[in-house]
Amino acid sequence: IITEFMKNPQVLADNGGEWFEIHNPWPFSYDLLGCYIYDLGGDVYEFTASTVVDPYQYATFASGAAPGFTPDFTYTYSICQLANAADEIVLECPSLLGPIMIDSVIYDSTAFPNVTGASASLDSSSIDPDLNDVGTSWCAGVAIYNSNATLNDRGTPGAAGYFCIRVRMQTAPLLQQQTDPAQHQHHRQDSGEGFLTDAVAD
């Protein structure tokens with residue numbers, strides 16, 4: 001399950017500071033060898049080496065080796081980038097029946113958190129491949145994991161997150177002043193999705 005992603009870091013440039021997180025909710029390991037991370041605009045990254053996510057692990061995948069923490073895995077930024085406005089994160093893996101979409105998140109800059117220097121983090125009560133499709137299941141990261149003299153990057157990479165309830169209450173008046181964001185839908189390639197997950201510390 002996809003649980004967290006940093007699309008717009010401010011301490012580091014995108015090519016060294018972008019990352020996303022996947023949670024394995026099962027009591028067995030899962031090897032991503034042969035799987036793909038891609039978007040609908042042509043970015044495709046294939047896992048060509050054994051990439052094992054342990055049981056219940058929150059595994060981090062980063063565009064650089066030192067985004068403010070030690071990622072579990074790194075990928076090539078030039079072929080896997082997270083757009084700041086709207087983009088998709090799709091995890092697809094092979095099976096005996098053909099490719100299966102494990103999980104996907106289609107985000108934008110209105111329904112989903114859009115704070116420079118803060119990750120989008122999945123509410124810990126919404127760690128589900130369907131609930132993480134909904135923008136209101138996410139909130140902006142608040143725990144500082146990287147900083148310099150003037151800037152901070154916030155999120156909980158590699159760790160379980162927290163409930164987003166208080167963050168939502170604080171931002172509710174602002175949301176009421178805006179028009180409702182357009183609803184986004186996408187079609188799965190099979191009957192189930194997997195997981196990308198992490199919620200934000202409050």
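Guide: Let's start with a term: on a 1 Å grid over the protein atoms alone, a cavity is a set of points where a 1.4 Å probe fits but cannot get out, and its lining residues have an atom within 4 Å of a point. This is a predicted model, where local features need pLDDT of at least 70, side-chain atom pairs count only at pLDDT 80 or more, and totals for chains, interfaces and linings use all residues. Residues are numbered from 1 along each chain as its sequence is written, and side-chain values use heavy atoms, leaving out hydrogens and water.

Visitor: Which residues line the largest cavity?

Guide: They are Ile 37, Tyr 38, Asp 39, Asp 43, Cys 80, Gln 81, Leu 82, Glu 88 and Ile 89.

Visitor: Which residues does Phe 61 touch?

Guide: Contact means heavy atoms within 4.5 Å. Leaving aside residues up to four places away in sequence, Phe 61 touches Glu 18, Trp 19, Phe 20, Ile 22, Leu 32, Phe 47, Thr 51, Val 53, Phe 73 and Tyr 75.

Visitor: Is Phe 28 buried, partly exposed or exposed?

Guide: Buried means under 20% relative accessible area, exposed over 50%, and partly exposed in between (1.4 Å probe, protein chains only). Phe 28 is partly exposed because its relative accessible area is 46%. The C-alpha atoms of Phe 28 and Val 53 are separated by 8.9 Å, and these residues are 25 residues apart along the chain.

Note on methods:
1 Å grid on protein atoms, 1.4 Å probe; cavity = no way out; pocket = protein on both sides within 12 Å on 5 of 7 lines; lining within 4 Å.
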